[in-house]
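Here is a short report on one protein chain. Look at the structure first, then read on.

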Amino acid sequence: APSAALSRAMPAAVRLWQAVGRPEEPCPLDVREGRRFVEETFSNGERTLPPEPPRPAGEPALEFRDVWFRYERDGRDVLRGTSLTAEKGEIFAILGGNGSGKSTALLAASGILRPYAGEIRVLGKKLAAYRGRSLHDGCVAMLPQDVQTLFLANTVAGELADAGCDPAALPFDLSPVLDRHPYDLSGGQQQLLGLAKVLASRPRVLLLDEPTKGLDAGVKAEIAALLRRLRDGGTAVVLVTHDVEFAAGAADRCAMFFRGEITSAGSPRTFFAGNSFYTTAADRMTRGFFDGAVTVEDAAALCRKNGRKSG
């Protein structure tokens with residue numbers, strides 16, 4: 001059997017076959033073959049998984065109330081009455097096309113951009129009421145899309161020292177690269193170094209812009225595990241991403257951003273199952289046969305629950 005790391009890097013159809021297929025059955029390689037494998041092999045008398053337990057409502061950590069922003073005085077509005085709430089102790093993923101305003105919303109939440117109308121609150125307090133460094137000391141931190149903008153030192157060790165991080169206390173291992181220049185790291189290592197620096201301020205609201213861009217499946221799994229630990233400690237994690245598979249597996253809630261507004265939001269299962277364009281490979285392989293299977297684990301669970309067709 002392939003290692004867990006190799007298995008994670010495989011397409012969804014292959015991972016589903018690894019979970020519920022048999023060695024004598026041909027392994028599906030893409031969504032179409034995966035769909036045929038599911039429909040020809042398994043029954044579907046029980047189409048849905050048990051309902052997800054309702055998440056207790058948390059306290060608001062980040063709130064946008066009818067927020068408007070444009071880059072030029074005569075330009076178009078990029079945020080158009082944006083309203084959203086991310087709670088303490090949740091991972092909230094924002095998806096949407098390029099230019100829909102996702103990154104702009106994060107920059108506004110971090111105090112870098114100033115909306116011309118509406119209100120942003122962080123931990124119950126108006127953003128405008130934070131003075132000096134108070135917004136960024138133990139409160140809000142952001143991992144930008146271009147993580148290299150965070151790097152100022154000539155070595156990884158220097159970067160960590162600059163942020164007050166003890167390399168031995170990090171949730172991931174950067175010890176092999178401590179002497180390297182940050183620009184000489186792989187994309188995955190740069191993201192982890194950037195995260196280490198951003199987390200050093202112990203933020204209670206963590207903003208991440210495309211945190212999995214260019215990362216392999218192993219590093220993505222590490223980041224997902226880290227975000228869950230932060231969430232379980234009460235941090236609000238708000239991430240902007242195009243990575244639907246990552247959002248489906250890691251987020252507690254997903255929201256669709258379109259032209260500066262949230263057009264739909266819900267748990268990954270309800271969000272992706274209700275979306276035909278932004279959805280996951282597992283949902284495309286099982287839609288219409290099972291309901292609401294948005295991760296490979298969901299699909300495998302339904303295959304096992306229904307069992308194989310007889311004959």
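## A covered strand

Strand S7 is covered on both faces: Val205, Leu207 and Asp209 are buried on one side, and Leu206 and Leu208 are buried on the other. Buried means under 20% relative accessible area, exposed means over 50%, and partly exposed lies in between (1.4 Å probe, protein chains only). S7 spans residues 205–209, and five of its five residues are buried. In a regular strand the side chains alternate between the two faces of the sheet.

This is a predicted model, in which local features need pLDDT of at least 70 and side-chain atom pairs count only at pLDDT 80 or more, while totals for chains, interfaces and linings use all residues. Residues are numbered from 1 along each chain as its sequence is written, and side-chain values use heavy atoms, with hydrogens and water left out.

## Strand partners

Two strands pair if DSSP finds at least two bridges between them. Helices (H or I, at least four residues) and strands (E, at least two) are DSSP runs, numbered from the N terminus.

| Pair | Sense | Bridges |
|---|---|---|
| S1 and S2 | antiparallel | seven bridges |
| S9 and S10 | antiparallel | five bridges |

S1 covers residues 60–69. Its Trp68 has Arg80 in S2 as bridge partner. An open antiparallel sheet holds four strands, in the order S2-S1-S4-S5. S2 (79–87) and S5 (125–126) are the edge strands, each with a single partner strand, so one side of each has no neighbour in the sheet.

S9 (residues 253–258) and S10 (residues 261–266) form another antiparallel pair. Phe257 has Ile262 in S10 as its bridge partner. Two residues lie between the strands of this hairpin, and Arg259 takes a positive phi near 50°.

## A buried phenylalanine

Is Phe92 buried or exposed? Its relative accessibility is 1%, so Phe92 counts as buried. This residue lies in strand S3 (residues 90–95). Leaving out residues up to four places away in sequence, Phe92 touches Leu84, Thr85, Ala86, Val237, Val238, Leu239, Arg253 and Ala255. Contact means heavy atoms within 4.5 Å. Phe92 and Ala255 are 163 residues apart in sequence, with 7.6 Å between their C-alpha atoms.

Helix H11 spans residues 296–306, and its buried residues include Val296, Leu302 and Cys303. Among the elements that cover the buried residues of H11 are helix H2 (12–20) and helix H10 (281–286). Gly307 follows H11, with a positive phi near 75°.

## The whole chain

The protein chain has eleven helices and ten strands. Buried residues make up 48% of its 311 residues. Its C-alpha atoms fill a box of roughly 70 × 45 × 35 Å along the principal axes. Among contacts between residues at least 6 apart in sequence, 65% join residues at least 24 apart.
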